[in-house]
Amino acid sequence: MASEAEKEEWTGGEVLFAGGTDWAKIARGGSSKKQTDQEKMAEAERKQLYPDQLAPVRLKSLVGVKVMFVAAGSGACHSIIGDAAGKCYTWGRNERGQLGHGDLLQRNVPTIIKKLSGKKVIAGAGGKHHSAVVTSDGESYTFGSNLYGQCGTGSLKSKDKVEELIQSPVLASVSNCDDVSCGVEFTMWLCDGKVFSAGLPQYGQLGHNTDHEYNAKDSSVKLMYAPQPQPKQIQALSQFTVTKVACGQNHTLALTQEGQAFSWGNGGYGRLGHVKQQDEFKPRNIETFNQRVPVAPDVAACSTTATFCVVQVGGQVYACGKWKSSGDNTMYPKAFMDLQGWNIRHMAAGATHYAVAADQSTITWGQAGNGELGYGPSGKKSSANPDKVYALEGVHTHQVACGIGHTLFLVKPGSKQVEDLEVYEPAVAEEEALPEPEAAPAAKGKGKAAAGKGKAKAATGKAAAGKRKAEDGEEGAAAPKGRGRAKK
């Protein structure tokens, strides 16, 4: 847990990056057809142009820039940072305008959002196709897909299979905002201790005791979920002062000043920590964390299928859900012994990988396919158990951020160890995005449209407990057997 003195003293650091740089291809796999020699050659050339960064590298465009925060998201294939002057930079995938630059061009280098000029951006988060940032005056700006109202503008213009794309920042209908977190297609705002939500309500992830499900056809069954474009306060949390909100792809964890933890949304794999695999339509208190074991107010992370937080006494990490490719689900929070004894400063989760800033070490683990764990060319590709990023051993990492296929490390600048790291500059700064691969057709009789007035998206129906399909983003190589807990 970061101390108040440490937070006050932070004046900015340098961003290091590990993971995939071929944003259009990350986690999307290849064609099942046999490749021709020409296609193999083209793919090899592409890998040379967009190399995976297997160890942390400095980004040339950010050398000398003092960065205050880094952000991504469990469903995001793009990144967001803010510098000491309040300028906001984004880069990565941009097929829906989620970078906020007024176009759909992919950015391979961090690029300042010009439309936020004059605003001091202090926090941000990314969903699958949208982003949200918070400014020092309590405003929140959003951009990207508003198909389900996840931008929180109060209106929804998507209709007749035409998706509303907000390519430049617009003001969300919230005020007094301190922080923000994004799921795949929904947004949570933390405003003066209260939580507001907007977007897709499927699985009850908006926390308003409903998933807004309805049948869109009279003569047959076509279940859909009415979007919620207007941010609405979550009443179940109104009597508490919420200090931290973390979103997985389709679930949320909220921590309170009173030391309690609440979770809601998709309950598959036990990720909500309520013993049963069932969706929760409104915040439910996790019984493990009551007065006997109060949670720390500022450290939490949610991946696709797992949830992590830290307790106040001893700083022990607790986890529930499924964070390994094999093994049983953890149905209620248990002590995560692999991180016992560490002073956890910050924690983040991508779709299937995790990063922790603790003491003078940086620790990562999970399923990875692009080097996002930062173990280096001779290191493991994936790791079932936490392990140190040895390139950063002894370096003070202030904050970490994880997205699909990549990790950001915000480190204290000036050390020789950091300055000696490789400096990376992409061959192409911006480019047209590649066409998105077509989604596999849904099986007949099992489709649920995850939209209301917008276009219908294929989705699986509610599965029996223990038989849920993995959500979007749950890709990656199988993790080999780990080496035990991360040693101090």
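Me: What volume does the second largest pocket have?
Reply: The structure above is a predicted model, and every value given here is computed from it. In this model, the volume of the second largest pocket comes to about 1,400 Å³.

Me: Which residue in β22 does V295 stand opposite?
Reply: Strand β21, which spans residues 295-302, pairs with β22 in the antiparallel sense over four bridges. A hairpin of three residues joins β21 to β22. Within this pairing, the residue of β22 that stands opposite V295 is V311.

Me: What is the bridge partner of A306 in β23?
Reply: On leaving β22, the chain passes through five residues of a hairpin to β23, and G314 in that turn has a positive phi of about 80°. β22 and β23 (residues 317-321) pair in the antiparallel sense over five bridges. The bridge partner of A306 in β23 is G321.

Me: Are the two faces of β22 covered or exposed?
Reply: Strand β22 runs over residues 306-311, and six of its six residues are buried, a term that here stands for under 20% relative accessible area. A306, F308 and V310 lie on one side, with T307, C309 and V311 on the other, and as these are all buried, both faces are covered.

Terms used: Residues are numbered from 1 along each chain as its sequence is written. This is a predicted model: local features need pLDDT of at least 70, side-chain atom pairs count only at pLDDT 80 or more; totals for chains, interfaces and linings use all residues. Side-chain values use heavy atoms; hydrogens and water are left out. Buried means under 20% relative accessible area, exposed over 50%, partly exposed in between (1.4 Å probe, protein chains only). Two strands pair if DSSP finds at least two bridges between them. On a 1 Å grid over the protein atoms alone, a cavity is a set of points where a 1.4 Å probe fits but cannot get out, and a pocket is an open set with protein on both sides within 12 Å along at least five of seven lines; lining residues have an atom within 4 Å of a point. Grid points are joined across faces, edges and corners, and a volume is the space filled by probe spheres set on the points.
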